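User: I would like to go through this model and ask, for each label, what value stands behind it and how the label follows.

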Amino acid sequence: MKAFFLHLAVLAALLAALPLLSAYHVTNVAKIMVLAVYAMGYNIAFGYTGLLSLGHALFFAAGLYAAGMGISQFGLGSAGALVAGPVAGGLIAAAVGLLALRTAGVAFMIVTLMFAQAGYLTVLYFVRYTRGDEGIVLDRAARMLGGVDLSGDTPRYLLAFALFAVALLVNLALVRSPFGRVMIAMRENEARSRMLGYNPYTVKLTALVVSGVYAGAAGAAYAVLFGYVGASLASVQYSILPLLYVLLGGAGTVLGPLLGALLMFYLIDYASSATSAYQFIVGAVLVVLVLFAPKGILGTLRERGLRWLP
């Protein structure tokens with residue numbers, strides 16, 4: 001029960017923060033919640049199942065372009081776009097997983113990276129439809145949901161919060177379910193899990209598809225809420241970002257992706273406003289983290305006493 005009330009308290013704090021934040025921070029926190037959903041999906045694959053992927057930008061981009069192109073070229077409404085995103089992310093993750101999961105370890109990481117890079121190059125090649133680096137800017141009129149303008153600060157924040165809240169509670173239920181225990185067992189000892197009768201390929205594929213659904217949902221929300229779809233959001237950088245968020249916040253913890261996304265976002269934001277060498281500062285922080293908290297912030301707290309953290 002402690003874990004459940006902690007997560008409800010975090011949701012209540014995010015909702016209560018809305019009237020207290022300036023317009024600048026309302027936009028930032030909305031973006032952080034969307035990126036935290038993306039990192040949450042990555043954490044299901046990496047933190048709980050042990051799949052080190054560098055291909056999640058492909059799943060994020062699938063949701064991003066399914067929503068963005070659906071609105072701009074096929075007349076899809078915002079509601080349809082928000083549904084198309086997770087569907088596209090899950091389908092692409094299933095297709096990638098069917099092939100990539102025939103490998104393991106470093107080979108899996110390289111294969112997923114190759115898929116992501118192929119997706120990025122595809123976006124650049126079909127520039128007539130995707131607009132490449134220039135990107136697709138969604139009209140304000142197209143970003144309406146039930147008569148509400150999602151380009152406004154408050155509606156954007158509330159929809160990002162709703163998405164995050166659903167994703168968080170589903171994630172909490174998943175990792176505490178029997179299947180969640182199987183994912184963790186697969187991460188800890190695949191051979192023993194196989195001896196107990198579990199099929200590693202099936203378990204990992206299912207986890208990867210769920211991860212892709214989360215990434216696709218985040219991509220669709222990003223397109224609809226912020227009105228931009230571009231090739232830069234499909235680059236390898238967007239495969240590395242969720243990994244950094246998860247490592248910073250704590251791999252294998254439900255709240256780790258949110259904490260990591262929040263800290264990394266504002267670290268980059270404030271460091272870049274202070275110096276052009278902000279990447280050095282970010283790198284130094286990550287080195288310190290690896291040295292003194294190799295399991296991330298929440299992972300280290302769990303190891304040192306908060307055993308009940310899921």
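User: Which residues is Met33 in contact with, once its neighbours within four places in sequence are left aside?

Analyst: In this predicted model, Met33 is in contact with Leu14, Tyr157, Ala160, Phe161 and Phe164, leaving aside its neighbours within four places in sequence. A contact here stands for heavy atoms within 4.5 Å.

User: What makes the largest nonpolar core a core, and which residues have the most contacts inside it?

Analyst: The largest nonpolar core has 95 residues, and those with the most contacts inside it are Leu14, Met33, Val34, Tyr65, Tyr157, Phe164 and Tyr238. Helix 2 gives the most to this core, with 17 residues. The set is called a nonpolar core because its members are buried residues of the nonpolar kinds, joined through side-chain atoms within 4.5 Å.

User: Why is the pair of Tyr38 and Phe60 called stacked?

Analyst: The ring centres of Tyr38 and Phe60 are 4.6 Å apart and their planes stand at 25°, so the pair is stacked; the cut-offs are centres within 6.5 Å and planes under 30 degrees apart. This pair links distant parts of the chain, with Tyr38 in helix 2 and Phe60 in helix 3 (residues 56-74), 22 residues apart.

User: How do you know whether Tyr38 and Phe60 are buried or exposed?

Analyst: Tyr38 has a relative accessible area of 1% and is therefore buried, and Phe60, with a relative accessible area of 0%, is buried as well. The label buried applies under 20%. Tyr38 and Phe60 also belong to one aromatic cluster together with Tyr222, Phe226 and Tyr238, and the count of aromatic pairs comes to nine.

User: What makes the pair of Tyr42 and Phe46 tilted or stacked?

Analyst: The rings of Tyr42 and Phe46 lie 5.8 Å apart, centre to centre, with 45° between the planes, and the pair is tilted. An angle under 30 degrees would count as stacked and one over 60 as edge-to-face, with the rest called tilted. Tyr42 and Phe46 are separated by about one helical turn because they are four residues apart in helix 2.

User: How do you know whether Phe46 counts as buried or exposed, and what is its relative accessible area?

Analyst: Phe46 has a relative accessible area of 19%, and therefore counts as buried, the cut-off being under 20%. Leaving aside neighbours within four places in sequence, Phe46 is in contact with Leu51, Leu52, Leu243, Val246, Leu247 and Ala251. The C-alpha atoms of Phe46 and Met33 are separated by 19 Å, although these residues are 13 residues apart along the chain.

User: Why is Arg131 called partly exposed?

Analyst: Arg131 has a relative accessibility of 38%, so it counts as partly exposed, a label kept for values between the 20% and 50% limits. Arg131 has its place in the loop between helix 6 (127-130) and strand 1 (136-137), and its phi is near 65°, a positive value in a residue other than glycine.

User: Is Gly70 buried or exposed, and what value decides this?

Analyst: Gly70, which is found in helix 3, has a relative accessible area of 5% and is therefore buried. Not counting residues up to four places away in sequence, Gly70 touches Tyr65, Gly75 and Leu76. Gly70 and Ala81 are 11 residues apart in sequence and 6.3 Å apart in space, C-alpha to C-alpha.

User: What is the volume of the largest pocket, and how do the residues of its lining divide?

Analyst: The largest pocket has a volume of about 370 Å³. Of the 16 residues that line the largest pocket, the closest to its centre are Gln237, Leu241, Tyr245, Met264 and Ile268. Helix 11 gives the most to this lining, with six residues, and the lining residues divide into 12 nonpolar, three polar and one charged.

User: What is the volume of the second largest pocket, and how does its lining divide?

Analyst: The second largest pocket has a volume of about 270 Å³. Of the 13 residues that line the second largest pocket, Arg187, Ala251, Lys295, Gly299 and Arg302 are the closest to its centre. Helix 14 provides the largest share of this lining, four residues, and the lining divides into four nonpolar, four polar and five charged residues.

Notes. Residues numbered from 1 in each chain as written. Predicted model: local features only at pLDDT ≥ 70, side-chain atom pairs only at ≥ 80, totals over all residues. Heavy atoms only, no water. 1 Å grid on protein atoms, 1.4 Å probe; cavity = no way out; pocket = protein on both sides within 12 Å on 5 of 7 lines; lining within 4 Å. Points joined across faces, edges and corners; volume = space filled by probe spheres on them. Helix = DSSP H or I, 4+ residues; strand = E, 2+ residues; numbered from the N terminus. Nonpolar A, V, L, I, M, F, W, Y, C, P; charged D, E, K, R; others polar. Buried < 20%, exposed > 50% of the residue type's maximum accessible area, 1.4 Å probe, protein only. Phe/Tyr/Trp six-rings, centres within 6.5 Å; stacked < 30°, edge-to-face > 60°.
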